[in-house]
Amino acid sequence: MLLDTPVCDFGWKAPSFSLKDPDDGKEFSFDDVMGEKGLLVAFICNHCPYVQRIIDPLVSDLKTLQGEGVGVVAIMSNNYETHPDDSPENMKLFAQQHGFTFPYLVDETQEVGRAYDAVCTPDFFGLNKDGELQYRGNNEGLLEAMRLIAETGQGPKDQKPSMGCSIKWK
């Protein structure tokens with residue numbers, strides 16, 4: 001089912017989290033992934049055709065942002081018992097195949113997805129260095145939006161919602 005994300009709630013304070021990397025079990029907290037100029041939180045999964053269509057150019061853009069002082073983290077909140085393509089083992093493979101340079105974390109309890117009110121995959125949350133939401137949109141304007149946030153602390157006023165597959169809740 002195709003879903004759109006809600007409009008950006010500018011200034012919303014992102015909740016902290018602590019999630020594990022399925023690759024080595026290392027735990028990452030919100031503070032661990034925050035960059036000096038902000039943080040992009042990307043809710044993605046392996047099986048979604050919307051994610052699959054954009055993943056390679058997205059990874060390239062995210063590497064660019066990391067080089068410019070923006071932290072990046074990808075989170076998988078789907079119920080992988082009903083969607084085994086999104087299992088932790090398959091997350092590891094997906095990250096390797098696409099050359100992730102950022103943590104790809106599993107949200108076992110789905111608490112982080114719910115706390116962020118994530119709706120679909122992909123769903124992007126662009127935060128300034130103070131952890132305040134400044135971007136909630138699709139990947140097309142993502143690089144420019146995150147650069148603006150890194151430079152000014154403020155996101156663009158015009159944002160196009162993300163579209164994708166619904167998160168598979170338990």
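Two strands are said to pair if DSSP finds at least two bridges between them. In this predicted model, strand β4 (residues 39-43) and strand β5 (residues 71-76) meet that condition, pairing in the parallel sense over five bridges.

## The central strands

How many of the five residues of β4 are buried? Five of the five are buried, so the strand is largely enclosed by the rest of the structure. The cover extends to both faces of β4, with L39, V41 and F43 buried on one side and L40 and A42 buried on the other.

Strand β5 is likewise mostly covered, with six of its six residues buried. On one side of β5 the buried residues are G71, V73 and I75, and on the other they are V72, A74 and M76, so named because both faces of the strand are covered. On its partner strand β6 (residues 104-106), β5 is joined by three bridges, and these two strands run parallel. One of the contacts in this pairing is that of M76, whose bridge partner in β6 is V106. From β5 the chain crosses through α3 to β6, and this β-α-β crossover is right-handed.

## Aromatic pairs

A pair of aromatic rings is described by the distance of the centres and the angle of the planes. With a cut-off of 6.5 Å between ring centres, the count for this model comes to 11 aromatic pairs. Two of them are set out below.

| Pair | Distance of centres | Angle of planes | Arrangement |
|---|---|---|---|
| W12 and F125 | 6.3 Å | 45 degrees | tilted |
| F94 and Y104 | 6.4 Å | 50 degrees | tilted |

W12 lies in the loop between β1 (2-4) and β2 (18-20), whereas F125 lies in strand β8, so this pair ties together parts that are 113 residues apart in sequence. F125, with a relative accessible area of 0%, is buried.

The pair of F94 and Y104 joins helix α3 (residues 88-97), where F94 lies, to strand β6, where Y104 lies, so the parts that are tied together here are 10 residues apart in sequence. F94 is buried, with a relative accessible area of 7%, and Y104 is buried as well, with a value of 4%.

Which residues form one aromatic cluster with W12 and F125? The cluster consists of W12, F17, F30, F43, Y116 and F125.

## Backbone features in the loops

Most residues other than glycine have a negative phi, and most peptide bonds are trans.

The peptide bond from T121 to P122 is cis, with omega near 0 degrees.

Where is Q110 found? Q110 is found in the loop between β6 and α4 (111-115), and its phi is near 70 degrees, a positive value in a residue other than glycine. At 2% relative accessibility, Q110 counts as buried.

D117 is found in the loop between α4 and β7, and its phi is near 60 degrees, which is again a positive value in a residue other than glycine. With a relative accessible area of 47%, D117 is partly exposed, because a residue counts as exposed over 50%.

Methods:
Residues are numbered from 1 along each chain as its sequence is written. This is a predicted model: local features need pLDDT of at least 70, side-chain atom pairs count only at pLDDT 80 or more; totals for chains, interfaces and linings use all residues. Side-chain values use heavy atoms; hydrogens and water are left out. Buried means under 20% relative accessible area, exposed over 50%, partly exposed in between (1.4 Å probe, protein chains only). Helices (H or I, at least four residues) and strands (E, at least two) are DSSP runs, numbered from the N terminus. Rings of Phe, Tyr and Trp (its six-membered ring) pair if their centres lie within 6.5 Å; planes under 30 degrees apart count as stacked, over 60 as edge-to-face and the rest as tilted. A crossover is right-handed if, with the strands pointing away from the viewer, the path from the first strand over the helix to the second runs clockwise.
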